[in-house]
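Trainee: I am new to this structure. Can we go through it together, one question at a time?

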Amino acid sequence: MALSASSDITLNVNGEKYTLPVDHRTTLLDALRERLDLTGTKKGCDQGQCGACTVLLDGRRAVACLQLAVAAEGREITTIEGVAEGERLHPVQQAFLDLDGFQCGYCTPGQICSAIGVIEEHAAGWPSAVTDDLSPEAGPPPLTSDEIRERMSGNLCRCAAYVSIAEAVARAAATVADRTAAAQVDAAAEKGQATA
């Protein structure tokens with residue numbers, strides 16, 4: 001009995017569910033671009049080396065050209081089209097605009113998705129190859145230029161906008177940290193009012 005080489009899958013992309021038939025060899029990148037018309041995710045090297053196709057899978061960075069679409073079923077997929085909150089840009093998007101973190105813009109969607117993942121990984125205390133103190137009690141290392149460059153090293157920019165990209169990631173990380181701290185203060189105040 002021959003096994004089927006295709007099947008219907010449901011992808012949860014940017015908060016919406018899409019059911020589509022795919023060949024089992026179809027990459028997530030090709031499913032997003034060619035089947036769902038989400039062309040913000042770019043096809044660069046198609047070998048997982050340039051980072052142009054970076055998306056977030058369950059909040060973690062992934063190169064979509066190496067991820068099979070069938071393996072992404074049931075996972076939360078976020079593409080560049082889904083990172084903004086309505087009309088409000090994500091802090092990383094805003095920082096890239098403010099600091100000219102792009103030139104031609106081809107790699108920018110992957111850079112932005114990667115930067116969002118970097119900021120979350122850093123806040124969670126994940127070390128990088130340049131992190132000095134790896135002890136758990138050390139907490140997140142300072143997000144220095146070296147840390148940002150190492151963490152973003154999987155995303156290439158042929159225009160060499162790296163200085164502005166690193167500055168944009170640093171600014172966005174500070175903005176996200178400020179928003180998180182403000183949300184924690186608000187939540188504590190609400191909790192205090194609820195118990196009073």
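Mentor: Start with one side-chain pair. The side chains of S114 and R61 are joined by a polar contact of 3.0 Å. A polar contact is a pair of N or O atoms within 3.5 Å; within protein, one must be able to donate a hydrogen and the other to accept it, and residues adjacent in sequence count only if both atoms are side-chain atoms. This is a predicted model: local features need pLDDT of at least 70, side-chain atom pairs count only at pLDDT 80 or more, and totals for chains, interfaces and linings use all residues. Residues are numbered from 1 along each chain as its sequence is written, and side-chain values use heavy atoms, with hydrogens and water left out.

Trainee: Is S114 buried or exposed?

Mentor: S114 lies in helix α3 (residues 108–123). Helices (H or I, at least four residues) and strands (E, at least two) are DSSP runs, numbered from the N terminus. Buried means under 20% relative accessible area, exposed over 50%, partly exposed in between (1.4 Å probe, protein chains only). S114 has a relative accessible area of 1%, so S114 is buried.

Trainee: Which residues is S114 in contact with, leaving aside its neighbours within four places in sequence?

Mentor: Contact means heavy atoms within 4.5 Å. With those neighbours set aside, the residues are T54, R61, M152 and N155.

Trainee: How many bridges join β1 to β2?

Mentor: Two strands pair if DSSP finds at least two bridges between them. Strand β1 covers residues 6–13 and strand β2 residues 16–23, and they run antiparallel. L11 stands opposite Y18 in β2. The bridges number eight.

Trainee: What is the bridge partner of N12 in β5?

Mentor: β1 also pairs with strand β5 (residues 76–78), in the parallel sense, over two bridges. In β5, N12 has as its partner E76.

Trainee: How far apart are the closest N and O atoms of K43 and D30?

Mentor: A salt bridge is a side-chain nitrogen of Lys or Arg within 4 Å of a carboxyl oxygen of Asp or Glu. K43 and D30 form one, and the distance is 2.8 Å.

Trainee: Why does the salt bridge of R171 and D98 tie together parts of the chain?

Mentor: R171 and D98 form a salt bridge, with their closest N and O atoms 3.8 Å apart. R171 lies in helix α5 (residues 162–195) and D98 in helix α2, so the parts tied together are apart in sequence by 73 residues.
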